[in-house]
Amino acid sequence: MTINAPAKPPAAPPASRKRSPGIEASRARTAIILLLPTLIAIVLVAGFPLYRTIFFSAQEANLTTPGQATFIGLENFWFTTAEGIGLGFLQDPQWWTAVRNTLIFTVFSVFLETVFGMIIALVVNSAFAGRSFLRTAMLIPWAIPTVVSAQMWAYMYNDSFGLIGQGLLGGQALLADPSKAIWALIAVDVWKTTSFMALLILAGLQSLPGDMYEAADMDGASKWTQFWRMTLPLLRPALLVALVFRSLDALRVFDIMYVMLGANVAASTSMTGYARQQLIDNQLLGTGSAVSVAIFIIIMAIVVVYVTAFRVKFD
Amino acid sequence: MNLKRTNPGLFYLQRTLFYLLVIVIAVYLLFPFAWAVLTSFRRAADLFLPPLQFIAAPTTIDNYTQVLTNPSFRRGLLFSTIVAVGAVAVSLLFGSFAAYALGRFRFKGKQFIMYIILAVSVFPQIAVLGGLFTLITRFGLFDNPIGLMVSYLIFTIPFTVWVLTSFVRDIPGELEEAALVDGASPLQTLFRVLFPVMMPALVTTGLLAFINAWNEYLFALTFMSTNRTVPVVIANYSGASQFDQPWGPIMAASIVVTIPLIALVLIFQRNIVSGLTAGAVKG
């Protein structure tokens, strides 16, 4: 590390800052240079495309000819024609169905994952024969690609030879009925991600001090009391961060719906599915971008609420 | 343990219930995958059999030969590998630079940069889909694995930076100070001193990022039309008609795509858990 090599003779005293940049300033410069590739990549794949999406959300634009966009303000969001026809996605009942279904999906799947994940983590955290087997088994649903698990479950839900569709329900086409399909999808997501939740909770459990439990045993606190009074409060920070990340994942869900229900039904089952249909299938760059902006705002608002309400600390 | 002496009945009841719970959990976690494996070895005609006869039905590897000779599946494997490996390699290189800077250097605006990176990792991919699509088509990268690879950086980069930063922080500072005193430049320090120490972290982070890239569906579906990646191929696998889903081959393809991931996950089990918790619990 060359910090200050006096190349010029010190004839006139230069600005004091320039003469001796100091190791701190030099290291700060190095740090920025090291960060540059990452920052450029983020601007390229996140910053600029996001700016374009926001830009197109206020334009009437077609996906194949984005150059011919015309500014229309907020009409992609809300617009009523002179004949009283409601345009703009906020007046589209399908969007609101998608929002409702996404919220149902998020609330129930995250809740069930947390409860099941907690049960599995508590079981695996206690000593018993076969514990290492179960810890290994836990990783398997998580390692399976989402599309694969969607196909696996679509097969089990199949009404003519599926184990669940034919075997348990006697030939009911679960996925064909929108009011039931959402619960079938929740089951898939819960199966796939419970083990992830369990892993995170397990890591939290293992960082809890063991002697505290010995003391509680001595004092005669029941396991039940110990769980509610000690384990849960101490796990709170780890649990909250896991909840934030799982909720955000669930809100932007796409693959499960798209693979199991097809593009059209997915558009009324997930916000992302609706956005993609507008954007890609209908080629409506303006409307699709407006929907994307709405989803972005919803998700960022939820992040802010979580972080401020629960004082989640990152870092 | 004293329950065993004071009330053996209750003790054994508790044990039995506990093991029952263990069995229920194990079946819940493993059964759907086991059923898919079984199906992948059954003939199409046997799929209609009731479960017990289905289990006992003759085994065949036809589904696997059909899938592995299917040109679009093989292309899918190739493109998935190119895209995922490329995205992971770029992310690890950029990510380790950034992690070194964020974990070891003090400078103004560091907190801000960390929050930006965190914000990108909670980004809904749909928010950039339209913008990215117009950029990709403008640069002629539609249906090109490079375009897809670059788009994957949106989730692989924040993840690698975040996890590697927490690993870099845990490396004792003396190592780097010794290198500094010997006159090594920051890049030399990174490559010669920190990289060897960070090897396990790089492997873990790379593996987790690889799994995410391998599984990605939305971008792969949108930015590629003929050069599809395997998740898209599996999702689109269809038979003669819309109502004739070839479940045997679909399951076989699913198993082919999943087995390498499961093998990697089982081999690196310990690292994975630490990588996941560093990435997810800390943020």
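Biologist: Among contacts in chain B between residues at least 6 apart in sequence, what share joins residues at least 24 apart?
Modeller: This is a predicted model, and the share is computed from its atoms. Counting contacts in chain B between residues at least 6 apart in sequence, the part that joins residues at least 24 apart is 74%.

Biologist: What is the corresponding share in chain A for residues 24 or more positions apart?
Modeller: The count again takes contacts with a separation of 6 or more, this time in chain A. Within that set, residues 24 or more positions apart account for 60%.

Biologist: What does the C-alpha trace of chain B span along its principal axes, and how much of chain B is buried?
Modeller: Along the principal axes, the C-alpha trace of chain B spans about 75 × 70 × 35 Å. Chain B exposes about 12600 Å², of which carbon and sulfur atoms supply 68%. Of the 283 residues in chain B, the buried ones make up 54%.

Biologist: Which domains does the assignment give for chain B, and how far apart do their C-alpha centres lie?
Modeller: The assignment divides chain B into domain 1, covering 3–61, and domain 2, covering 71–279. Where these two domains of chain B are in contact, 6 residues come from domain 1 and 8 residues from domain 2. Their C-alpha centres are separated by 35 Å.

Biologist: Where does UniProt place transmembrane regions in chain B, and what is the end-to-end C-alpha distance of residues 189–214?
Modeller: According to the unreviewed UniProt entry, the transmembrane regions of chain B are residues 16–38, 77–100, 112–136, 148–168, 189–214 and 247–268. One of them, residues 148–168 of chain B, is 100% helix and 0% strand in the model, with end C-alpha atoms 29 Å apart. Residues 189–214 of chain B are likewise 100% helix and 0% strand, and the distance between their end C-alpha atoms is 32 Å.

Biologist: Turning to chain A, how many helices and strands are there, and what is its radius of gyration?
Modeller: Chain A contains 13 helices and 4 strands, and its C-alpha trace spans about 95 × 75 × 35 Å along the principal axes. Whereas a compact globule of 315 residues would have a radius of gyration near 20 Å, the value for chain A is 27 Å.

Biologist: Which stretch of chain A has a pLDDT below 50?
Modeller: The average pLDDT of chain A is 85, and 92% of the residues score at least 70. The stretch in question has 15 contacts in the model beyond near neighbours in sequence, and its pLDDT is below 50; it is residues 1–19 of chain A. Where pLDDT is low, the predicted coordinates should not be read in detail.

Biologist: What domain does UniProt list for residues 99–308 of chain A, and how far apart are the end C-alpha atoms of that span?
Modeller: The unreviewed UniProt entry lists residues 99–308 of chain A as "domain: ABC transmembrane type-1". In the model this span of chain A is 81% helix and 0% strand, and its end C-alpha atoms are separated by 24 Å.

Biologist: Is Thr287(A) buried or exposed, and which residues is it in contact with?
Modeller: Thr287(A) lies in helix H13 of chain A, which covers residues 285–309. Its relative accessibility is 16%, and because buried means under 20%, Thr287(A) counts as buried. Leaving aside neighbours within four places in sequence, the contacts of Thr287(A) are Asn76(A), Phe89(A) and Gln278(A).

Definitions and conventions: Residues numbered from 1 in each chain as written. Chains lettered and ligands numbered in written order. Predicted model: local features only at pLDDT ≥ 70, side-chain atom pairs only at ≥ 80, totals over all residues. Heavy atoms only, no water. UniProt positions renumbered as here; feature names shortened; annotations may be inferred. Helix = DSSP H or I, 4+ residues; strand = E, 2+ residues; numbered from the N terminus. pLDDT = per-residue confidence, 0-100. Contact = heavy atoms within 4.5 Å. Buried < 20%, exposed > 50% of the residue type's maximum accessible area, 1.4 Å probe, protein only. Areas by Shrake-Rupley, 256 points an atom, 1.4 Å probe, with all protein chains shown as cover. Rg over C-alpha atoms; globule rule 2.2 N^0.38 Å. Domains from an automatic or database assignment.
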